[in-house]
Amino acid sequence: MPQKKNPDPMELVRGKSARVIGDLVTLLTLCKGLPHAYNRDLQEDKEPVFDSVKTILGMLEVSAEFALNISFNRERIQKALPAGHLDATTLADYLVNKGVPFRTSHDIAGKSVALCTLKNCQLLDLSLDELRSINPVFEEDVYDFLGVENAIQKFVSYGSTGSACVASQIDYWMKKLEMK
């Protein structure tokens, strides 16, 4: 579609991953129930193995070309990030840390976003009194969890998208791939 802005090559790579997973399932099904010695069943392993290798090499080629040629409009990204209430997740985490059950935290975060929508503002723009009108558990430290930068810094679990975690993974792979 002409209005679409998603990176098409990466969608194709994601789609191809289904084929590779299918090849894996074929191999796992083929090997299930085999006795300890060679069996003629294993004649059927070549096609999914070769198909997977060919598919993955193609995926890597497309991904490498994409990575070399992608550019980002950082200014536009910075302007667009707050509009999605990215910090609603960290707001819910804040409430859980305060002892509020997650189900209730989710509801409170949703009400907070609804208030923002009504006021045409961001969560960070809500006053402490406005937040307390939704739930009295809020304290001044809530602002350490609000705003795009604070939200990103709160993502600290392994594999998360927090800046420190991403930097650690980049460093790891740069060393592993001998690019550093």
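This section describes the confidence, domain layout, surface features and salt bridges of a predicted model.

The predicted protein chain has an average pLDDT of 89, and 96% of its residues score at least 70. Among the elements of the chain, the highest mean pLDDT, 96, belongs to helix α6 (residues 128–134), whereas the lowest, 86, belongs to helix α3 (residues 74–80).

The chain is divided into two parts, with domain 1 spanning residues 5–70 and domain 2 spanning residues 79–152. The centres of domain 1 and domain 2, taken over C-alpha atoms, are separated by 42 Å. According to an unreviewed UniProt entry, residues 86–152 carry the annotation "domain: Argininosuccinate lyase C-terminal". In the model, this span is 60% helix and 0% strand, and the C-alpha atoms at the ends of residues 86–152 lie 9 Å apart.

Leu60 counts as exposed because its relative accessibility is 53%, and the cut-off for exposure is over 50%.

Backbone geometry draws attention to Asn120, a residue other than glycine whose phi is positive, near 55°. Asn120 is located in the loop between α5 (102–119) and α6. With a relative accessibility of 72%, Asn120 therefore counts as exposed.

A search of the whole structure finds 8 salt bridges. One of the pairs joins the side chains of Arg19 and Asp51, with an N to O distance of 2.8 Å. This pair links distant parts of the chain, since Arg19 belongs to helix α1 (residues 8–31) and Asp51 to helix α2, 32 residues apart. The two partners are also assigned to separate accessibility classes: Arg19 is partly exposed, with a relative accessible area of 42%, while Asp51, with a relative accessible area of 17%, is buried.

Other salt bridges lie within a single helix. In helix α3, Glu75 and Lys79 are 4 residues apart, about one turn of the helix. The closest N and O atoms of Glu75 and Lys79 are 3.5 Å apart in their salt bridge, and both residues are exposed. Helix α3 is also the element with the lowest mean pLDDT, 86.

The side chains of Lys175 and Asp171 meet in a salt bridge at 3.2 Å, N to O. Lys175 is exposed, its relative accessible area being 54%, whereas Asp171 counts as partly exposed at 24% relative accessibility.

Salt bridges also connect three residues in a network, namely Lys98, Glu139 and Asp141. These three residues fall within the span 86–152 that carries the UniProt annotation.

Technical notes:
Residues numbered from 1 in each chain as written. Predicted model: local features only at pLDDT ≥ 70, side-chain atom pairs only at ≥ 80, totals over all residues. Heavy atoms only, no water. UniProt positions renumbered as here; feature names shortened; annotations may be inferred. Helix = DSSP H or I, 4+ residues; strand = E, 2+ residues; numbered from the N terminus. Domains from an automatic or database assignment. Buried < 20%, exposed > 50% of the residue type's maximum accessible area, 1.4 Å probe, protein only. pLDDT = per-residue confidence, 0-100. Salt bridge = Lys/Arg side-chain N within 4 Å of Asp/Glu carboxyl O.
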